[in-house]
Amino acid sequence: MAAPIMHTVEDAIILCGVNDTTSFNGDTKAERIADDVFDDDFQSCMDKTIKELDEDLKSYSALTIGNGQIRLTPGNKRNIRGLMQWCRDKIRVGSNPSLTPFPIIEVPNLIRRYKTHEAFVKMSTTMIETAKPIHLKQDKTEWDDWRPTFENFLRAIPGRNGVPLLYVIRENDTAVLDVNADMLQDYINRAPLTGDVFKSDASVAHTYIVKFISGNPTAEAKLLPHKSERNGRLDFKALIEHYEGVGIHAKNVTEADKTIDSLFYNGERKPHMWWEEFEKRLSTAFVIFDKKENRQVYSDEMRLRILCRKVTADFLQNTRTFIEIELSKLPVTMTYNQALANFRNEVNRKFPPNMAQANRNTRRVSETNGRGRGRGRGRGNGGGRTQGRGRGRGRGGGGRGHPEARWVTGTDGKSYEVHPSYKFNDNVWQALPYNEKQTILDQRKQYIENRKRNVSEISADNRSNNNNSSNSQKIPEQISESSHISQITTGQGSIMGGRNEQASLKSRGGRNS
């Protein structure tokens with residue numbers, strides 16, 4: 001096999017347009033620039049700044065012709081700046097610039113990459129303060145929150161060669177080429193994990209890890225076996241193994257597998273399950289499997305079929321049917337993200353995002369302002385269950401605390417105390433399930449009918465008794481009716497609340513006998 005052709009810095013300078021054969025002390029212009037400015041070593045491009053390059057070229061132009069004056073055009077200078085960025089790109093991802101000729105046609109893109117990286121370095125000081133993570137606590141919940149913030153923190157810090165320090169703790173031990181990654185992420189994915197530069201960066205990462213886990217004896221103990229190596233990569237792997245597990249026993253993979261099997265959406269059931277949480281957990285499960293296998297485990301069609309099986313809410317039936325029809329077409333044009341958007345829009349239409357907050361505010365106001373002074377012993381609470389000792393009656397909430405009341409779960413996931421005698425505001429009424437609302441309306445209607453029938457029967461009995469009993473004291477009919485109604489509603493435990501109904505009748509003119 002033939003040995004690979006090795007390209008020199010002088011070759012690259014000639015490609016930049018410095019190809020004059022005029023010599024000074026036997027050296028061409030390209031050779032002098034390669035030796036004097038770059039030491040004939042591509043690695044020099046990592047340490048030399050653009051400002052230093054401009055000063056060197058300016059010094060050449062200030063010389064006399066007899067002393068070896070070199071004057072370059074603006075295009076030549078721009079090409080050399082692009083050469084420096086090209087060398088940096090190669091070295092940052094572990095490639096050897098001498099194995100490839102300098103692609104002069106890429107200069108405009110290389111200049112843009114140089115400016116992008118310069119902006120990253122300038123912003124790093126501010127970003128370090130903004131992205132600084134909190135100290136790691138001991139439980140897994142804290143780890144789940146801490147890890148992404150720590151990774152984001154290291155992404156804001158440039159390493160020895162300008163690569164974000166996040167590459168030190170990346171998951172893959174080998175380089176990964178991702179054509180969709182931006183420049184900084186490409187550096188992170190492909191930067192070598194060996195050599196002096198890596199050792200220097202790994203030591204810095206170790207310092208940060210030790211700082212942000214201080215006070216957590218469990219995490220500190222995991223670093224003890226290799227503490228002397230000052231290797232942030234080994235440190236972070238030890239923390240991952242403790243908090244997340246590894247291989248098939250990784251906790252996030254186990255949870256993702258459980259999510260795919262058991263997660264369902266059958267309506268807004270906060271705090272147990274609602275659409276936003278359902279969508280986040282299902283999509284996260286897919287991402288975890290893809291990340292674990294370094295490929296898309298579930299195709300878009302598979303995700304669509306799984307999504308349709310998971311959505312069982314009745315009010316989403318039409319949307320689910322539409323998506324299933326789209327799945328039957330060839331080719332399938334519907335995507336998983338489009339299906340999520342369709343379901344999400346329908347959920348938001350039925351349950352506007354501000355409804356849950358409105359319910360919370362209404363309930364909070366009711367609980368705060370609904371207390372009233374009770375009659376008898378103790379104090380009543382009109383906004384919730386009766387509180388205090390004795391028989392209190394609260395004001396202002398529709399008479400909450402009825403002994404026959406029951407609790408139901410609303411469509412927003414909250415629990416509500418319901419009874420036909422209660423008054424509900426619009427937000428609460430809309431949140432009650434349809435069958436519960438219908439039951440309440442039916443019970444109210446039935447109560448009104450029974451009350452009318454009882455009043456009629458009692459009035460007839462009173463008139464009959466008054467006519468047939470000569471020794472009885474004649475009592476006005478209106479008062480007699482009120483007395484008997486009071487006895488029925490109080491003694492029999494009326495569905496509408498005997499005590500409340502009695503007060504209502506009194507306010508209309510009736511009095512106890």
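Why is helix α8 (residues 183–190) largely enclosed by the rest of the structure? It comes down to burial: 6 of the 8 residues of α8 are buried, so the helix is largely enclosed. Here buried means under 20% relative accessible area, exposed means over 50%, and partly exposed is in between, with a 1.4 Å probe and protein chains only. The buried residues of α8 are Met183, Leu184, Asp186, Tyr187, Ile188 and Asn189. At the N-terminal end of α8 sits a cap, Asp182, with a side-chain oxygen 3.4 Å from the backbone nitrogen of Leu184.

Before going further, a word on what you're looking at. This is a predicted model, in which local features need pLDDT of at least 70 and side-chain atom pairs count only at pLDDT 80 or more, while totals for chains, interfaces and linings use all residues. Residues are numbered from 1 along each chain as its sequence is written, and side-chain values use heavy atoms, leaving out hydrogens and water.

Zooming out, the protein has 21 helices and 4 strands. Those are DSSP runs numbered from the N terminus: helices are H or I with at least four residues, strands are E with at least two. Of the 513 residues in the protein, 39% are buried.

Now for the strands. β3 (residues 406–409) and β4 pair in the antiparallel sense over 4 bridges; two strands count as paired if DSSP finds at least two bridges between them. Across the pairing, Trp407 stands opposite Glu417 in β4. The hairpin of β3 and β4 has 5 residues between the strands, and in it Gly413 takes a positive phi near 90 degrees.

Follow the chain on from β4 (415–418) and you get to His419, in the loop between β4 and α18 (426–431). His419 is buried, with a relative accessible area of 2%. Its side chain makes a polar contact of 2.9 Å with that of Ser421. A polar contact is a pair of N or O atoms within 3.5 Å; within protein, one must be able to donate a hydrogen and the other to accept it, and residues adjacent in sequence count only if both atoms are side-chain atoms.

How far can you trust the picture? The average pLDDT, the predictor's confidence in each residue from 0 to 100, is 80 for the protein, and 77% of the residues score at least 70. Over residues 360–399 the pLDDT is below 50, though this stretch has 73 contacts in the model beyond near neighbours in sequence. Contact means heavy atoms within 4.5 Å. Where pLDDT is low, the predicted coordinates should not be read in detail.
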